[in-house]
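Please open the structure in your viewer and keep the selection panel at hand.

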Amino acid sequence: MRLPKTGLLLALAGMLIASGCSNSSGNSAETSLPPAKTPSVSSPSAEPTGQAASPSGPAETGGGGAASSEPPASQVPATGKMGEVTALRLADDRTGWAGGEGWIARTDDGGATWNQQYSEPYQVVQIFALNDSKVWATLDIGSSKGLRLIHSSNGGKSWSEVGVVPNRGFLHFLNDNDGFVGNARTKDGGATWIQLKTPENTVGDVYFHDLNNGWAVQKGKGKFTFLHSADGGKSWTKILSRETDVDPTGVAIRSTGKDDAWIEVVGDTGMNQTSYSLFHTKDGGMTWTPAIAKDTAGGGPAPGFTGDAKGNSTGTGSKPGQLYAVNPSIAFMGGDCPACDNGTSIMATADGGNSWTASKQEFSGYGEGQIAAVDAKHVWLIATDYTEPSVLYTSDDGGVSWKKIHEFDKPDHK
């Protein structure tokens, strides 16, 4: 039957409208990850706050920020393998994130179960959580420009690519916008980075606790010097110099307050052994505690110790593991031993490094142990291995006793 001219025009208009509706629903500008099936989340931990002063610096570096309309950085598969753990971070004693080769997962039940939230074929280098909702992670994508930075503001349900982190320093944020990694600072949540002024002949990465207070180690002939900045890196003051029989080869610095600094100085390495020392101040550098002095046969004397000088502890393992500082009194120090039957160990101090208690339990695994803590009692340790599954242990008594909580998947390494 032939339609009247008016009816034909109305039919064509209806078809065009239906087609337009179909295209609109099929091309969404943003695709969120499916929510992880987790129990209710605990109350977020208190957010750290920075100082009011803002340091100046040269031109911004790093990748530009991702526009808000960009889709999340990853679509999680229905099932994903969670192999060797390379990063760990806690929001509280029940909630945290772990990451590895190509994955990030979250737990809300103290580590017993993990829900994969992110999947890309890159190694996770670091994870930092401001609370149980806001979390960042860096990925090694093999770029000479730096590490890819991704961010989630909904507890990991969806992730967005933010920018490029210019170095591998310790990543931490003071709030949604202000963060640091080594001598670089961001004011926009990681989209762009400003290189801060650092002294000459520094060893390893500098560390900024907040917008003003930073710490660095400077190498000299037969000695090293601790430096402090109180103006965001514009100027640096010599705080402590120590004679040393070996030149420092690396540094790890952590701080839990503007006057607090834990400085690990790494020495030589030989026969799978590395010597190191750890110093601590809680008064802005006026006094220092020689917390650890680790001599090894292969690595030689501990940096900063000559003759009969000793630290308050000789450490565990044959090389330093991860250092995790909770506050000016409490810290955990890992030890790794590639040649031992149980290669991962840990010890704790509750008095600022004056005395240490080593855990009687040691853990199998020849990789770097991952350590995270939320207070004096609750500490997690993941023993890792290149060929065997990473295993999570937790302690509710400050490391005196441990429970095996979860075993991750076996790595794909051949």
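Select residues 344-349, strand β22, together with β23: the two pair in the antiparallel sense over two bridges. Strands here are DSSP runs of E of at least two residues, numbered from the N terminus, and two strands pair if DSSP finds at least two bridges between them. Within this pairing, A348 stands opposite T357 of β23. The model is predicted, so local features need pLDDT of at least 70 and side-chain atom pairs count only at pLDDT 80 or more, whereas totals for chains, interfaces and linings use all residues. Residues are numbered from 1 along each chain as its sequence is written, and side-chain values use heavy atoms, with hydrogens and water left out.

Now widen the selection to the whole sheet. Four strands form an open sheet in the order β20-β21-β22-β23, with antiparallel pairing. Its edge strands, β20 (319-325) and β23 (357-358), each pair on one side only. Strands of a sheet pair through backbone hydrogen bonds, either parallel or antiparallel.

Select next the open sheet of four strands in the order β12-β13-β14-β15, whose pairing is antiparallel. Here the edge strands are β12 (207-208) and β15 (237-243), each pairing on one side only. Two bridges join β12 to β13 (residues 214-220), and these strands run antiparallel. At this point F208 stands opposite G214 in β13.

Turn now to the aromatic rings. Rings of Phe, Tyr and Trp (its six-membered ring) pair if their centres lie within 6.5 Å; planes under 30 degrees apart count as stacked, over 60 as edge-to-face and the rest as tilted. The count by this rule is 18 aromatic pairs. Select F128 and F173, a tilted pair at 6.4 Å centre to centre with 40 degrees between the planes. F128 belongs to strand β4 (residues 115-129) and F173 to strand β8 (residues 171-173), so the pair ties together parts 45 residues apart in sequence. Both F128 and F173 are buried, that is, under 20% relative accessible area with a 1.4 Å probe, protein chains only (over 50% is exposed, in between partly exposed).

Which rings does the cluster containing W215 link? Select W215, F224, F226, F279, W288 and F305, which ring pairs link into a cluster. W215 and W288 have ring centres 6.0 Å apart and planes at 90 degrees, so this pair is edge-to-face. W215 is buried, with a relative accessible area of 0%; W288 is also buried, at 16%.
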